[in-house]
Protein chains: 2
Amino acid sequence: MAYTETDTLAINTIRVLAADATAHANSGHPGAPMGMAPVAHVLFNKIMKFNPKNPKWLNRDRFVLSNGHACVLQYALLHLYGYALSIDDLKAFRSVDSITPGHPEAHDTPGIEVTTGPLGQGISNAVGLAMAQAHTGAVFNKPGFDLVDNYTYAFLGDGCLMEGISSEACSLAGHLQLGNLIAVWDDNHITIDGDTNQAFTEDVVKRYESYGWQVLTVGDGENDLEGIEAALKAAQEVKDKPTLIKLTTIIGYGSKLQGTHSVHGSPLKADDIKQLKTKFGFNPEESFAVPQQVYDLCHQASARGAAAEEEWNQLFAKYSEQYKAEAADLVRRQTGDLPEGWEKSLPVYTPADAAVASRKLSEIVLQKIYEAIPELIGGSADLTGSNLTRWKGAIDFQPPATGLGDYSGRYIRYGVREHGMGAIMNGLAAYGTLLPYGGTFLNFVSYAAGAVRLSALSQVRTIWVATHDSIGLGEDGPTHQPIETLAHFRALPNFMVWRPADGNETSAAYYVALTSKHTSSLLALSRQNLPQLEGSTIEKATKGGYVLHEVEGADITLVSTGSEVCIAIDAVKVLAEKNIKARVVSIPCFEVFDAQSREYRSSVLPDGIPSLSIEVMSTMGWERYTHEQFGLNRFGASGAYKDVYKKFEFTPEGIAKRAVLTVDFWKDVPNIRSPINRAFQQLI
Amino acid sequence: MAYTETDTLAINTIRVLAADATAHANSGHPGAPMGMAPVAHVLFNKIMKFNPKNPKWLNRDRFVLSNGHACVLQYALLHLYGYALSIDDLKAFRSVDSITPGHPEAHDTPGIEVTTGPLGQGISNAVGLAMAQAHTGAVFNKPGFDLVDNYTYAFLGDGCLMEGISSEACSLAGHLQLGNLIAVWDDNHITIDGDTNQAFTEDVVKRYESYGWQVLTVGDGENDLEGIEAALKAAQEVKDKPTLIKLTTIIGYGSKLQGTHSVHGSPLKADDIKQLKTKFGFNPEESFAVPQQVYDLCHQASARGAAAEEEWNQLFAKYSEQYKAEAADLVRRQTGDLPEGWEKSLPVYTPADAAVASRKLSEIVLQKIYEAIPELIGGSADLTGSNLTRWKGAIDFQPPATGLGDYSGRYIRYGVREHGMGAIMNGLAAYGTLLPYGGTFLNFVSYAAGAVRLSALSQVRTIWVATHDSIGLGEDGPTHQPIETLAHFRALPNFMVWRPADGNETSAAYYVALTSKHTSSLLALSRQNLPQLEGSTIEKATKGGYVLHEVEGADITLVSTGSEVCIAIDAVKVLAEKNIKARVVSIPCFEVFDAQSREYRSSVLPDGIPSLSIEVMSTMGWERYTHEQFGLNRFGASGAYKDVYKKFEFTPEGIAKRAVLTVDFWKDVPNIRSPINRAFQQLI
């Protein structure tokens with residue numbers, strides 16, 4: 001395509017808007033937006049397929065700004081191309097309650113696909129988006145109907161490349177031969193500390209080639225628009241490799257301080273902005289000015305996108321006639337609703353059923369529901385046989401050339417890459433047609449904490465199948481036994497931590513996790529067998545907490561989760577021998593229990609009697625529900641699980657001993673208040 | 001060196017011990033030990049310098065088993081070479097209270113340098129150990145006195161290579177030109193899920209070359225002992241590059257199932273062990289049998305190591321005469337004690353001093369103490385100017401060839417590699433002569449959660465300088481604002497989370513962190529300015545919690561940390577206008593406060609009046625100290641920090657409002673109990 005002065009003007013408009021918005025906010029990162037304005041213009045104006053009037057059009061190309069601190073670039077683009085982001089929104093950059101926060105947030109701003117800023121996440125989300133396209137295309141495309149064939153484009157900086165998460169995701173992307181993934185590396189030699197030669201001297205080109213990527217180079221990222229376009233098109237042509245374009249740019253291009261780290265994270269000074277505007281032919285006295293011909297040029301591209309969507313809609317209409325069920329399924333998936341009646345597949349248990357480890361109960365759920373929920377796509381970080389995440393006969397998601405599976409496969413071999421897996425799941429979920437789950441040991445979900453937090457913040461639906469959930473894993477020992485992990489993730493807003501005690505609670509956990517469209521979940525599951533409990537039902541457990549065992553005139557409430565609930569039940573008998581009447585409450589999920597009415601919660605944790613929590617890890621957080629806590633505020637031990645439980649006294653007798661102390665300690669207190677009574681409501 | 005049948009026997013002894021120990025434990029990983037027995041034998045018997053009678057000899061070569069699940073290999077070696085690990089300890093493998101837990105733990109077992117098992121950590125620790133050697137050598141070696149010149153050897157598997165943390169650390173190791181680091185990759189093509197071709201098809205050789213490593217190849221890791229030795233020696237020769245040796249092995253070598261993932265994580269069957277023993281010339285009816293000639297061969301190597309230490313001791317004696325101060329310093333460092341009188345350098349403040357951000361207060365501490373504590377070595381994950389972690393005039397730790405510093409430098413440019421930084425700090429600390437700290441935003445310590453947990457478990461002393469500690473960072477917004485982070489790390493055993501409120505508390509935090517030899521710390525520090533408080537002293541703050549503002553006949557205790565303490569103080573005035581008398585308590589560190597006497601804690605948080613905590617993040621954990629909690633159980637917002645605080649009502653008025661509700665809610669309760677009263681002590 002021939003580039004004109006209007007293209008140059010459009011590029012400089014982005015630069016000037018970036019300078020204006022950061023100066024107006026007196027905060028933010030002008031450098032990368034100014035350096036990357038040319039590639040952003042070429043990509044949005046000449047290459048990408050999107051319709052700003054319908055940012056959720058399924059077959060749009062996805063754009064991810066992995067260097068999310070450069071978001072004023074993305075906001076400027078969204079404005080110029082006609083997304084619902086006004087010039088006033090740009091002026092409100094980085095101010096409270098704006099749709100233009102300091103880093104891009106997917107749930108707030110139209111046109112933002114994923115929430116980025118924490119480095120390395122975006123490019124890993126992009127791998128997930130590309131996998132989602134490959135899978136969705138493989139499932140729904142038919143001869144003559146290339147319904148789903150979009151690309152995923154990502155910008156990333158040196159910081160993203162240094163983060164281990166991007167190594168994990170990009171190595172997997174190479175293995176998966178994702179030709180639909182095109183990343184542009186902003187090779188500007190600058191990070192916050194200064195020149196990249198201080199800490200980052202690896203040969204990135206060679207590294208990405210080692211992953212199996214195509215690597216292309218554009219030497220003059222500020223002026224060579226044709227070269228940029230040619231590289232992007234060459235990237236599109238290679239179908240069995242992701243592409244990294246090494247684009248050499250000058251950070252803060254146009255500023256008097258261009259090429260230095262001074263322009264990375266601080267607004268330009270007023271006189272610098274003036275010279276910038278003058279140099280680029282703008283009125284130095286005007287701010288947030290967009291020449292009409294720039295709007296026109298951008299809107300032309302958007303119009304082409306709208307036309308492309310219209311064409312696609314016609315294609316889809318024909319597809320719907322020929323492939324009625326598939327079309328309906330594709331439409332349904334995008335609503336986030338599950339197929340009607342799927343929940344009938346959930347297993348139900350009675351106390352007569354055998355004791356089963358909850359990781360195995362999870363496997364049974366997956367085995368029962370996978371057919372009913374075709375958007376379910378799972379995997380494990382190389383612990384398939386331990387996490388039990390694979391249903392029988394599952395096809396692996398693999399490039400067909402490997403002979404190990406194909407792209408329609410619904411089981412992902414993530415390798416030992418927990419953080420990458422977490423970010424990829426966020427990308428899979430963000431695509432709009434899939435519901436991802438992933439397995440690892442609970443202890444190693446911590447490796448993925450950065451991605452888990454973004455699941456919660458960006459309100460996507462993902463599910464962690466976190467097995468080996470306590471000292472109950474036994475012999476592997478303290479290096480693998482979670483102590484702090486449940487407290488960590490329970491403290492994360494908009495995130496559900498489930499620790500089911502038996503089969504019905506496991507079904508309940510899956511039910512709530514699968515039907516919560518805007519919340520991610522973690523299921524903490526045992527390695528050891530657990531009996532099916534008298535009194536548990538799916539319905540009760542979906543309340544997050546409930547009375548498992550009631551007794552008239554109780555002296556104490558025992559409150560527990562997961563593998564300790566059955567021990568608490570046994571402690572009731574020990575206590576009965578001591579003439580203490582105990583009731584038992586199971587709270588498989590704090591977050592869900594907290595959302596119940598005060599009346600209900602009071603019925604579960606009533607006033608008048610003391611309560612004791614039992615959980616084999618940190619007691620932190622349990623004071624919210626119980627008067628006293630029995631837990632493990634130290635590291636565990638390596639040994640057979642029963643020996644380890646015994647060592648730390650998590651036995652009926654150990655519980656009973658502490659229950660006696662609890663009853664005794666509280667016996668002189670009149671009108672004992674349940675801890676759920678609070679003076680005021682928290683801000684949530 | 002010529003290899004004899006005794007070498008072969010020694011190798012097979014390791015294999016048989018691995019099979020016996022895992023079978024006896026009915027748990028564990030025989031595969032990698034059996035496959036890596038040859039390289040382990042060559043390394044320990046012909047190459048490494050160590051003295052089992054003094055596992056802490058400073059100039060010993062360090063050995064790290066990054067694939068820690070293979071620890072029965074390491075335990076077998078420790079036994080054969082005469083460390084204090086008996087055959088009974090081997091028989092106690094993976095049983096409660098043994099010194100042979102399921103994964104190697106440094107604090108328990110003589111000869112274990114670092115705690116490994118969580119994949120990718122060990123190789124990253126090894127980078128830290130190698131950096132520590134380079135630094136210690138650069139500081140202490142003198143002409144004619146190559147006092148510190150040991151190598152660091154690491155074994156690692158495919159899992160370690162897939163984890164992002166190893167990418168971070170190994171990229172940095174290449175940049176740092178660590179010729180003293182030699183890693184052996186167990187290239188056995190097997191992971192838990194099966195063949196590595198399912199998920200891990202990158203070109204590892206090329207990747208490590210891209211990092212600037214030398215990569216050598218040994219094609220027959222089971223038989224080519226000369227080739228293994230030649231590769232290890234070639235690795236020693238290259239002084240400006242770390243080396244990766246790609247060693248092709250057969251997992252479970254000797255088993256009927258060798259070369260399959262069946263031998264990865266499960267003991268061999270009885271008949272398989274029998275055929276293994278028969279094949280290798282052992283009595284199939286005997287277990288844990290070690291031929292005397294194998295002991296002899298191993299003990300010869302140990303004797304050479306003892307002689308090497310003796311020679312070194314003589315060298316050190318001469319060194320001590322010529323370099324008295326240096327020698328004394330080196331001896332002192334290894335005790336973990338700081339130089340006498342160092343604490344006089346800690347800054348002290350009065351309320352007349354200016355308001356300063358606690359990140360800046362931290363910088364002032366570092367600036368004041370760096371001369372007094374020469375073992376202090378710091379850095380940042382590319383946020384130096386934000387974390388304020390670099391004292392003026394610091395020299396960077398860099399290879400001299402870069403012209404950017406030298407190995408005696410005490411400031412490390414980690415790049416954007418938080419997880420790698422955490423594991424490297426663990427390695428630096430484990431070396432024995434250094435006290436490492438590292439900076440990043442509090443929110444991104446989460447990226448390093450896997451390494452932080454191992455700091456705590458392995459009882460090393462590291463310090464996280466975690467700035468931008470709350471919504472108070474303002475404009476960067478929710479992607480960067482911690483909510484769950486303090487709860488997460490407060491729930492971690494043997495780990496101190498400090499959130500100082502002013503200058504004296506910052507000095508106190510450093511004092512305790514620096515003098516706690518076996519505990520790591522995190523200092524959560526503000527971006528915004530904080531006033532110097534009336535009533536704070538270093539001494540009081542070292543108790544972890546104390547009364548900042550007392551008043552007779554108080555109606556309520558306000559309890560807070562960090563940047564909210566000064567707002568709580570202002571709330572006292574607002575409450576006074578409402579005729580409510582409030583006292584104020586500051587609890588900068590839960591872990592340290594919990595360790596105080598019950599009497600002291602009762603004086604700080606007394607019975608009789610209600611209490612309200614104020615902290616701008618998750619309330620989780622505060623119920624342990626206060627009756628009511630004001631916090632933020634949701635994500636934050638992007639905007640100027642004062643606007644953000646106002647939005648969530650963290651203002652004197654917002655606090656006063658909730659204090660009034662608290663007083664009102666508790667007014668009818670007689671004899672209010674302080675939450676620190678408990679029915680029984682936790683297991684700690």
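Where in chain B is the place of Arg527(B)? In this predicted model, local features need pLDDT of at least 70 and side-chain atom pairs count only at pLDDT 80 or more, while totals for chains, interfaces and linings use all residues. Residues are numbered from 1 along each chain as its sequence is written, chains are lettered from A and ligands numbered from 1 in the order in which they are written, and side-chain values use heavy atoms, with hydrogens and water left out.

Arg527(B) is found in the loop between strand 14 (520–524) and strand 15 (529–530) of chain B; helices (H or I, at least four residues) and strands (E, at least two) are DSSP runs, numbered from the N terminus. With 34% relative accessibility, Arg527(B) is partly exposed (buried means under 20% relative accessible area, exposed over 50%, partly exposed in between, with a 1.4 Å probe and protein chains only). Its side chain reaches the backbone oxygen of Leu473(B) at 2.8 Å and makes a polar contact of 3.3 Å with the side chain of Glu475(B). A polar contact is a pair of N or O atoms within 3.5 Å; within protein, one must be able to donate a hydrogen and the other to accept it, and residues adjacent in sequence count only if both atoms are side-chain atoms. Leaving aside residues up to four places away in sequence, Arg527(B) also touches residues including Ala357(B), Arg359(B) and His468(B), where contact means heavy atoms within 4.5 Å.

How are the two chains related? Chain B can be laid on chain A with an RMSD of 0.0 Å by a turn of 180 degrees and a shift of 0.0 Å along the axis, so the two copies are related as by a two-fold rotation axis. Copies are superposed by least squares on the C-alpha atoms of residues with pLDDT of at least 70 in both. The copies meet through the same surface, because 100% of the interface residues of chain B are also interface residues in chain A.

Arg673(B) lies over the face of Phe665(A), at 4.1 Å from the ring centre, and its charged end also sits over the ring of Trp666(A), 4.8 Å from the centre. A charge sits over a ring if NZ of Lys or CZ of Arg is within 6 Å of the ring centre and within 35 degrees of the ring normal.

Over all chains, the structure holds 62 aromatic pairs. One of them is stacked: Trp342(A) and Tyr511(A), 5.7 Å centre to centre with 15 degrees between the planes. Rings of Phe, Tyr and Trp (its six-membered ring) pair if their centres lie within 6.5 Å; planes under 30 degrees apart count as stacked, over 60 as edge-to-face and the rest as tilted. Trp342(A) is buried, at 5%, whereas Tyr511(A) is partly exposed, at 31%.

Finally, an unreviewed UniProt entry lists Glu418(A) for "active site"; UniProt positions are given in the numbering used here, feature names are shortened, and annotations may be inferred rather than shown by experiment. Glu418(A) is in helix 15 (residues 418–431) of chain A and is buried, at 3% relative accessibility.
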